[in-house]
Amino acid sequence: MNASQTQVSLRSVFSDFTAITKARLAISVVFSSVAGYLLGVSDVFPFSWTTLVLLTLGGYCMVGASNVFNQIIEKDLDALMDRTKNRPIPSGKITVRNAFILGSVLTILGIGILYSINPKTAMFGAISIFLYTSIYTPLKTITPLAVFVGAFPGAIPFMLGWVAATNDFGIEAGTLFLIQFFWQFPHFWAIGWFLFEDYEKAGFFMLPTGKRDKKTAIQTIMYTVWLIAASLLPVTGFTGELKLSIVSAVIVFLLGIWMLVYAVKLYNKMDGPAAKKLMLVSVSYISLMQVILVADKFLR
């Protein structure tokens, strides 16, 4: 094999790896963990580049493993949907056997790396993989409650960073978990709304009522309100070492109102474009909110 063929082969392997581990999603999840870590560091628990690198690598492995196992389980269903039919397994680029080996290696590496930080971090990482692959994934074709179950592993990364920094799960980590837990609902219901027809082909139940109706839109608004309330908890002074200044709280509140406006627009318009806009705004909200929490901590 000449140099040009080797380059093409390596590029193909890298492309398949990023696709099956859902690199963009994994990176966003790792971002949450890093934000949680920065919120957890203090004079008592000083910042460590080694810990940050281990958290990043271990976190990517854990998320990547979850995504690999998810795609193995859903390989036949992925082949039915337009947005997933070209994924590595249904398209034949990666065999189920090789995907399982990759998922297993990523799981072992991820747990091992996180354990080197502290056992609690590894435990929560392992719980996340188990819930995502063994409970959430099978439930997607059975009941809309799958989103509720999936919100638990989805909320772990933000608080995982705090646990990595402090080796403790207390009110602070619990608050970070709560914020990302409530965020999951408007985010994934928005996705379930604008991809409703595609999900329907595979028999996935992603909306709380199973339909794109007013009740689903109302629940989306309600969970957005609860998300805003949870995001503002640190300003109350009742969340231990996790704090938020008045100025930053106002900014977080305004971001929440921005997201709420799009949730209300979904209720008023009841269409796919409105749902897609809400999904995009929700991604911006969680990222900006985390940046504000971290910036507030170091600028306060």
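How are helix 2 and helix 12 oriented to each other, roughly parallel or roughly antiparallel? Helix 2 and helix 12 are roughly parallel to each other, where angles under 35 degrees count as roughly parallel, over 145 as roughly antiparallel, 65 to 115 as roughly perpendicular and the rest as oblique.

## Basis of the report

This is a predicted model, in which local features need pLDDT of at least 70 and side-chain atom pairs count only at pLDDT 80 or more, while totals for chains, interfaces and linings use all residues. Residues are numbered from 1 along each chain as its sequence is written, and side-chain values use heavy atoms, with hydrogens and water left out.

## Helix 2 and helix 12

Helix 2 spans residues 23-40 and helix 12 spans residues 272-299; helices are DSSP runs (H or I, at least four residues), numbered from the N terminus. Their axes come within 9 Å and cross at roughly 20°. Axes are lines fitted to C-alpha atoms, for helices over the stretch in contact, and angles run from 0 to 180 degrees between N-to-C directions. The crossing of helix 2 and helix 12 is left-handed, that is, the near helix is turned anticlockwise from the far one by less than a right angle.

On the side of helix 2 the contact (heavy atoms within 4.5 Å) is made by F31, S32, A35, L38 and L39. Helix 12 contributes S287, Q290, V291, L293, V294, K297 and F298. By class, this contact of helix 2 with helix 12 has eight nonpolar, three polar and one charged residues. Here Ala, Val, Leu, Ile, Met, Phe, Trp, Tyr, Cys and Pro count as nonpolar, Asp, Glu, Lys and Arg as charged, and the others, Gly among them, as polar.

## Two antiparallel pairs

The axes of helix 6 (residues 119-139) and helix 7 come within 9 Å and cross at roughly 165°, and the two helices are therefore roughly antiparallel. Helix 6 passes helix 7 in a left-handed crossing. Residues of helix 6 in the contact include F124, L131 and Y132, and those of helix 7 include P153, M159 and A164. The residues of this contact of helix 6 with helix 7 divide into 17 nonpolar, four polar and one charged.

Helix 8 (residues 171-194) and helix 10 (residues 214-231) have axes that come within 9 Å and cross at roughly 155°. That angle makes helix 8 roughly antiparallel to helix 10, and their crossing is left-handed. Among the residues that meet are F182, W183, W189 and W193 in helix 8 and Y223, W226 and L227 in helix 10. The contact of helix 8 with helix 10 has 13 nonpolar, six polar and no charged residues.

## The nonpolar core

The largest nonpolar core has 92 residues. Such a core is a set of buried Ala, Val, Leu, Ile, Met, Phe, Trp, Tyr and Cys residues joined through side-chain atoms within 4.5 Å; buried means under 20% relative accessible area, exposed over 50%, and partly exposed in between (1.4 Å probe, protein chains only). L39, M159, Y285 and M289 have the most contacts inside this core. Its largest share, 13 residues, comes from helix 7 (residues 146-166).

Beyond its neighbours within four places in sequence, Y285 is in contact with W183, L227, I228, S231, V252, L255, G256 and M259.

## Individual residues

T51 sits in helix 3 (residues 49-73) and is buried, at 17% relative accessible area. Not counting residues up to four places away in sequence, T51 touches Y37, I117 and A164. L77 belongs to helix 4 and is partly exposed at 24%. Leaving aside neighbours within four places, L77 is in contact with T141, A202 and F204.

D82 is in the loop between helix 4 (75-78) and helix 5 (96-117) and is partly exposed, with 46% relative accessibility. D82 and T239 are 157 residues apart along the chain, and their C-alpha atoms are separated by 44 Å.

## Positive phi values

N167, in the loop between helix 7 and helix 8, has a positive phi near 60° and is partly exposed at 37%. M270, in the loop between helix 11 (246-269) and helix 12, has a positive phi near 55° and is partly exposed at 25%. Most residues other than glycine have a negative phi.
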